[in-house]
Structure formats: C-alpha cells, structure tokens
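Subject: Structure for you, with notes

Hi,

Here is the structure I said I would pass on.

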Amino acid sequence: MASNATTYKDLTPAAPLDKKTLNRMVWRSCQLQASFNYERMQAAGWLWAILPGLQKIHTNKEDLSASMEHNLEFFNTHPFLVTFVMGIVLSLEQQKADINTIRSVRVAAMGPLGGIGDALFWFALVPITAGITCNMAIDGSWIGPILYFIICFGVEMALRYGLMYWSYSLGTSAIAVLTKNAKEFTRAASMLGVFVVGALTCNYANVSLGMMIPNGTTINDAGETVANYIDVQGLLDGVLPAALSLAITLLCYWLIKKKNWSATKCILLLLVIGIVGCVFGIFGGAAGDYTTPISVPWHA
Amino acid sequence: MQAILLAIATFIFAIDQFSLTEILYRPIIACPIIGLILGDPQTGLVVGGTYELMMVGNMPVGGAQPPNAVLGGVVGVVLAVNVGLPTEQALGAAVIFSLFGQYAVTLTFTFMSTMMARADKAAAEANPSGITMVNNISMCILGALFAAMAVAAYFGGEALGETLTQFSEDFSWLMAGLGAAGGMMRNVGFAVLLKIMLSNDLWGIFLAGFAAAAVLGNVDATSGAALILIAFIGIAIAINDFTLNLKIKENAGNGGVSDGI
C-alpha cells in the first residue's frame, strides 16, 4: 500500500554518501532486473540497489519506509545506465526533497536512458564486438569468448561507475538552487513526470488485437481469387494509435483510485482478460502465434 | 556428474541474462563453457560463435522478449556434443527448447508481478531483507526452470523436442494468453504512478505526452530517439512553468504578501 506522505518527517539533509556506499550501490546495480516482472518491471531490483544509500540517509524508520514505498513504483530504464538515475535520486533523497519531486525526476530520467542505452550497447558495441570475436570462436580459439567478455563487461562497469559519481555530484550541486523554490520546482517536476508517463503509455504500449474478420473475396488483376479481411487493430489505430494501452491504463487508474483496487487485483483481472481473450483468438502482438482451442472465424 | 554441472551452469546463465554481468549468458561465452562441461569445448566454441552471430540481430530491446538465447545455446551444444548433430542442425533442433525458455521467462515475470505485493509489505515495514528475499525468490525460480529444461534436454535429446513441439501446439493459446496479459500489465504500473502524480490540472499534460509519443514513435527517423525528444519537450514545458510561477511569486512578494518560503 503506497502511503500518501508527500514530505519526509525528518527534513534535515543527511550527510553526503561516502565512497564505500556509492561503490557498493554500483555493484548492486547489476541486480537491477533480479525480479523483473510485467507490472513494475525493474522496481524491486532498483529499490534493492539503492537500499544501502537509503538506509544511511533515512535513519528514522517512518521515513525509510516512505522512501522504500515510493521507490517500489514502476521503474524501467537501461540496465547499464541505471546508475545515472541512482545518483540523481540519491542526491535528492539526501537533501530530503519533496517525495513528489523525487518521483517525478526519477520517472523523467529513466525513460530517455532506455533509448540511449539500446543504441549504444545493443546496436553498436555488441554487434561490433561479436563481429571481431565470433570468427575467433568458430576457428576454435578461447580468445574469442574471453575478449568478448572483457570488452563488454569492461565498458558496462566503467559506465556504471562513472555515471554514478557524475550524476550524484551533478544532483548535489544543482539542488541548492532548487530547494530555495521547492514548491515551484515540485510542480514543474510533476509536469515533466506526468508528461513522460503519458509518453510511456504510448511508447511502451504492448497490447494489440489479432482479429482478422473475413470480408468476402475479390478477383485481382491476375484473375486469382483473393480473400479480404478487416484488420480490427488497423481500424483502431486509425482512430487513435495505442488506444488500447491508454484505455487499459485509464481503466486501472479508475479501479485503483476510485474503487480502491490493489495493483495485484488489477493484474489478476488482466490475466483473466488475456487468457480468455486468447481462447477466443482476440489478441495478437505480444500474444505471438497461437492456435485457439475453439475455432473462431477471425483467427486463422 | 555432467548433468549436475550442466544444471548449475544453466542456473547461473538463466539469472545472468537479466542480472549479474548480463554478458556471461551470451552464446559466445555460455556455449564453450557448456562444451567444456560435456567434454568437448571445441564444439562449444563453434556452436557459440555461430549462434552469437545469429543472435546479434535479436537483442532484448526495450523489455521485449526475443526467443530465449540461453536455452537455445545450451541445448544446441548438448545436441551437438551428445547426439552428434552438425552445428546448424543442432541449433535448429534447439529452437523449440528456446521457445520453452521464453515460456519460463513469461511465467516468472507473470508470477513476480503478483509477488510485488509482498515487496510492498516489506517496504511498508521498512524491512530491507524482505526486498532481498523477493529478488532471490525470482532468481531461484528462473534459474530452476532453466536448469530443469537443460537437464531434460541432456537426457531426452531430440525425441524430447518432438514431445515439446506437440505440447506447445496444444497449449499455445495458454502461453499466448499469458503473453497478452503480460503486455498489458505495465499499464497497471503506469496507473499506480498516475494515481499519485496526476492532479486534476495535469490531465492535459498527460495526454500531450501520449500524443508526442504517438507522433515521434511512429516516424522512422525519430522512433529510436522518441523518449529523448519527448524529454526535451517536457523539460521545455516544465522550465516555462517554473519560471512563470517564480515571477508570480516575486511579484506577489513585492506587493507585500509573502508566503514565508
């Protein structure tokens, strides 16, 4: 149950985190996706990684619990760049910034990093390294895999380490200016956060309909009979792209906010919808290729 | 003995594909190690190098699940060494196992979504070891499922592949249902964030963010960098609001009304 506290009880800034704690969190950041799941993605791994810092910062049990609760909300970023978000969030926690501010900054920082990380790592470093080392391995040399590990892991750890220190000092130096106008900053940060969540709702959309309704046949120029289909998802995209993702988000928002549903209850509801939907061949996309247990006209 | 070592190695690779180094599980490294366990590192190297090149276009990008690299590679080596299949054929026969690897991932991610309630409880009690526990449970489930399948392939070989293919055809709707539900669950995460962040005056901003992503994410030239560009727009809006409110506050201050901040 997320508590509704918006400020910490103890507002005295904590002592800056020492190097040992920061290094410990750099190593812990490797476990970011330890309990990756469909609902909150990296949330529990993220919290676990920054816990040593949070425990140093929040000596009061109530504040630690408030901090742990809001750091367990949806989180997803690039695993190798996560320390950048960690540094900034920890500097805000250390200054006991408003919880809404911390949440918004966290959300705003995590989104863009995903794209940068994928481009740098999966589309550049890994293909290049694989190109160099795979042929060594195919020729039977152990240098291939060893070199591959050294290059990729070396770059990964250097990024984790460098970004942590850089963003922590960045956050600490920027914060003095901002705390003077904390109320205005919280509002501006919330706007940025909500804007990014809106963008994620569309950008991370991963639900689509697979129904293709047969709609008679026509004869093409070559004289062959061609079956026509109505693509329901295509129609929906014409009305509003990612409409389903928006609709489900708003449905869950309504259930959670107005009907006091827990997140778990929403997940179970979606599980039922997903499985029943696939029995009737309604979903496509994330569902992949499948055969329905009962035969329906719109699912081949 | 070989089977035990195989299970341990697969257990570690299964966890490594999302945590630890996130490098060890790559076929080019995992396959030679499996080869070494089975007593034929050379075959492991060849299978690993070949499979790595095949996988380069198949990355875990943006949380999407490609057919699983770990089981594809591990079982590929098992079939190449134990059954004596040529590299390409062994990797081809391993595809069905890699599909089951993906099923194992789907099951774990679905189950762990329900476990988040336990993590919430640990957070409410300010109990760090509760969070550690949730993470460890997740890693153990994933590792155990993978290790079990690797051992099954070790004893079952190609024949098991045929059974699995039949099974996956019969129950494809169930796994598809879990996949479809998994695709929707992130929306619950967004809803929880919005519950707290979305005050009534910010609905327009939320929809504006959605619209910006709908445009930038569907243009080829910008889709890769969509979220960075969206952050730029969001920062512009936020800074504008910040400076505006600051001016209002200053003017109010000049009028003799101070809110004491």
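First, a term you will need: a residue counts as buried if 20 or more other C-beta atoms lie within 10 Å of its own. Also, please keep in mind that this is a predicted model.

Chain A overall

Chain A has 10 helices and 4 strands. In sequence order they run α-α-α-α-α-α-α-β-β-β-α-α-α-β. The radius of gyration of chain A comes out at 24 Å, well over the 19 Å that the globule rule gives for 300 residues, so the chain is more spread out than a compact globule. Its C-alpha trace covers about 80 × 65 × 30 Å along the principal axes. Even so, 52% of the 300 residues in chain A are buried. If you take the contacts in chain A between residues at least 6 apart in sequence, 69% of them join residues at least 24 apart.

On confidence, chain A has a mean pLDDT of 88, with 98% of its residues at 70 or more. Within the chain, helix H5 (residues 99-138) has the lowest confidence, with a mean of 84, while H2(A) has the highest, at 95.

Helix H2 of chain A

That brings me to H2(A), which covers residues 43-57. From first C-alpha to last, its 15 residues reach 20 Å, close to the 21 Å expected at 1.5 Å a residue. There is a bend of about 55° at Leu51(A), and Pro52(A) follows within four residues.

H2(A) is mostly covered, with 12 of its 15 residues buried. Among them are both tryptophans, Trp46(A) and Trp48(A), along with Leu47(A), Ile50(A), Leu51(A) and Leu54(A). Gly45(A) and Gly53(A) are on the buried list too.

So what covers the buried residues of H2(A)? The cover includes helices H1 (19-28), H3 (61-70) and H4 (82-94) of chain A, together with H5 (87-124) and H6 (128-170) of chain B.

Where the chains meet

The contact between the two chains takes 114 residues from chain A and 100 residues from chain B. On the chain B side, H2 (27-37), H3 (41-55), H5, H6, H7 (172-197), H8 (203-216) and H10 (226-254) each supply at least two residues. H7(B) gives the most, with 25 residues. By class, the side of chain B that touches chain A has 63 nonpolar, 27 polar and 10 charged residues.

H3(B) is mostly covered, with 11 of its 15 residues buried, including Pro41(B), Val46(B), Val47(B), Tyr51(B) and Glu52(B).

Is Ser19(B) buried or exposed? Ser19(B) has 22 other C-beta atoms within 10 Å, so it counts as buried. Leaving aside neighbours within four places in sequence, Ser19(B) is in contact with Cys30(A), Gln31(A), Gln33(A) and Ala34(A), and also with Met139(B). Ser19(B) and Met139(B) are 120 residues apart in sequence, yet 8.8 Å apart in space, C-alpha to C-alpha.

Cheers

Technical notes
Residues numbered from 1 in each chain as written. Chains lettered and ligands numbered in written order. Predicted model: local features only at pLDDT ≥ 70, side-chain atom pairs only at ≥ 80, totals over all residues. Rg over C-alpha atoms; globule rule 2.2 N^0.38 Å. Contact = placed C-beta atoms within 7 Å. Expected span 1.5 Å × (residues − 1). Bend = angle between axes of the 7 residues up to and from the residue. Nonpolar A, V, L, I, M, F, W, Y, C, P; charged D, E, K, R; others polar. pLDDT = per-residue confidence, 0-100.
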